[in-house]
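Please examine the sequence and the structure shown below.

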Amino acid sequence: MQNETAAGVAHGDPVIEVRGLDKTYEGGFKALKGINLTVRRGEILALLGPNGAGKTTLISIICGIVNPGNGTVVVDGHDIIRDWRKTRTIIGLVPQELKTDAFESVWSTVRFSRGLFGKAPDDAYLEQLLKDLSLWDKRDAKILMLSGGMKRRVMIAKALSHQPTVLFLDEPTAGVDVELRRDMWAMVRRLRESGVTIILTTHYIEEAEDMADRVGVINKGELIVVEEKTALMQKLGKKQLRLQLNEPIDGLPESLSAYALDLNDARDELVYTYDTQHERTGITSLLRDLSAAGIGFKDLSTRQDSLEQIFVDLVKEGA
Amino acid sequence: MNLYGVRAIYRFEMARTGRTLMQSVLSPVVSTSLYFVVFGSAIGSRMTSIEGVSYAAFLVPGLVMLSLLMQSVSNASFGIYFPKFVGTIYEVHSAPLSYIEVLMGYVGAAATKATIVGLIILGTARLFVDYSIAHPAVMVLFLVMTTVTFSLFGFIIGIWADNFEKLQVVPLMVITPLTFLGGSFYPIHVLPPLWQKVTLVNPVVYLISGFRWSFYGLADVNVGISVGATLGFLALCLAGVWWIFRTGWRLKA
């Protein structure tokens, strides 16, 4: 169900178009199977998926690190194979693992990256970049002297050194402390405001929920769904109705056995799970049957599924 | 052409030399000086001169060539191996750099470093030995051809190697024996007739012979053949690099 068109909110024209992308590694492992994906200009797209699902392979192909199999990838109107020079100038990448030149200083490694991407030196820009990432004080420090979090910042500075308009963040917050994570998301928001398109992968689903405009789920090399985050949550989300009972009950009466009800351990709360997409949610009849059974409640609340639950369900279905 | 990118790699590699001055400049100078002292002054003073050239002076081109080869191969192989080893190669792959440009950066820097070390050794030799250079232009030609060719060779080794041992094995097990047996310390006509023929399959013979000719007009093989053989090996290395880049061998999944 690779429907990604319906969702409504028009963000911008497509900035990345992946069509029918396959990738089989030398050992015969099929990492990607016919991926179709459109990334819109200026959006934040979160790619979710378990380890080994193909997220990093997809990113690596778009960035030019891994050779594609079948299929095409077009970035800002340029084919990544034919017009590789243009697409690579547009793209910035923060890879998952910390890979840095340990003996270089922060300042020289960032200048190196800018040069590598074919941009004329611009020390004023790099100074601002390092200041934004709280790295300016460390500019003369050798990278091996920095903490893991600081190294992560250096990786981001390197990726942004050539002013890319499309930024890939491959699990940027893995092993990162709370403060840096907060700083990082603040920076991602700023970048997005300046028009940069951001594609990130993460294991922290609450981050995707918090940050992303759209969410894609990859499992076993296939893109299971790409959807506006809110639409996805509405469409696939299950809701729960919680009823706080007046007094604990011994068990569920026969008359209520048709409902998907759970009684908590304290036996004073009933949880009813229902699907928001169904025409009848069953709430009215449930409440009626409850009162017929003589069960009274003093309070009620509803809760929507988190993206995490949706994700887990999707991946399970795919399995 | 991404010249900023070429410059970035070139400068990065040259800066690495600056940080490892002891290892990359001082140690070859010291070890070659030892050769001059031991073989040139101590033993050489008891040797007869070779076609009018003192043995110590005879050694100079061969020893300079030895360090040119070692330096070119080890600089270039380490230069490309290390980013592969620590994983920073991802950035080079994702950058808008053609393979030719990557090659220009890494091989250009390795050849520059080897040339600098070669010139320093040549200068140091002057302290121990009195020598002259009959054909300076040809000398420079051989210097440049050799460093470029063997930096390309080193680049291939750096891509081929997937551990540090493999990185060391070629300079130690291939370059050193070929250089020692390639006429660094003797003219090949002193060998028994059969070995005079066998030694001609050693490419280093042509390098040393041609290089020595540029100093003293003294050669084991015709200097034209030396230039041809060196260009042939250069072409071979270029073909190897071209194949690696075309197939992405050991570079890209």
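In which sense do S1(A) and S2(A) pair, and over how many bridges? The pairing of S1(A) with S2(A) is antiparallel and runs over 7 bridges. Strands (E, at least two residues) and helices (H or I, at least four) are DSSP runs, numbered from the N terminus, and two strands pair if DSSP finds at least two bridges between them. The model is a predicted one, in which local features need pLDDT of at least 70 and side-chain atom pairs count only at pLDDT 80 or more, while totals for chains, interfaces and linings use all residues. Residues are numbered from 1 along each chain as its sequence is written, and chains are lettered from A and ligands numbered from 1 in the order in which they are written.

Within this pair of strands, A:Thr24 has A:Lys30 of S2(A) as its bridge partner. The hairpin of S1(A) and S2(A) has 5 residues between the strands, and A:Gly28 takes a positive phi near 100° there. Strand S1 (residues 14–24) of chain A is also joined to strand S4 (residues 72–75) of chain A, by 4 bridges and in antiparallel fashion. A:Ile16 finds its bridge partner in S4(A) at A:Val75.

Chain A as a whole contains 10 helices and 14 strands. Its C-alpha atoms fill a box of roughly 80 × 45 × 40 Å along the principal axes. Chain A is divided into domain 1 (14–234) and domain 2 (237–305), with bounds that come from an automatic or database domain assignment. The centres of domain 1 and domain 2 of chain A, taken over C-alpha atoms, are 44 Å apart.

Of the 319 residues of chain A, 37% count as buried. A residue is buried if 20 or more other C-beta atoms, placed from the backbone, lie within 10 Å of its own, exposed if 12 or fewer, and partly exposed in between. One buried residue is A:Asp170, with 21 other C-beta atoms within 10 Å; A:Asp170 lies in strand S7 (residues 166–170) of chain A. Leaving aside residues up to four places away in sequence, A:Asp170 touches A:Thr56, A:Ile59, A:Val94, A:Pro95, A:Gln96 and A:Thr201, where contact requires C-beta atoms, placed from the backbone, to lie within 7 Å.

In chain B, the axes of helix H2 (residues 21–43) and helix H5 (residues 99–128) come within 9 Å and cross at roughly 35°. These axes are lines fitted to C-alpha atoms over the stretch in contact, with angles running from 0 to 180 degrees between N-to-C directions. Residues making the contact include B:Val29 and B:Phe36 of H2(B) and B:Val117 and B:Ile121 of H5(B).

Finally, the contact between the chains takes 21 residues from chain B and 25 residues from chain A. On the chain B side, helix H1 (3–19) and helix H4 (89–94) each supply at least two residues, and H1(B) gives the largest share, 6 residues.

Methods
Two residues are in contact if their C-beta atoms, placed from the backbone, lie within 7 Å.
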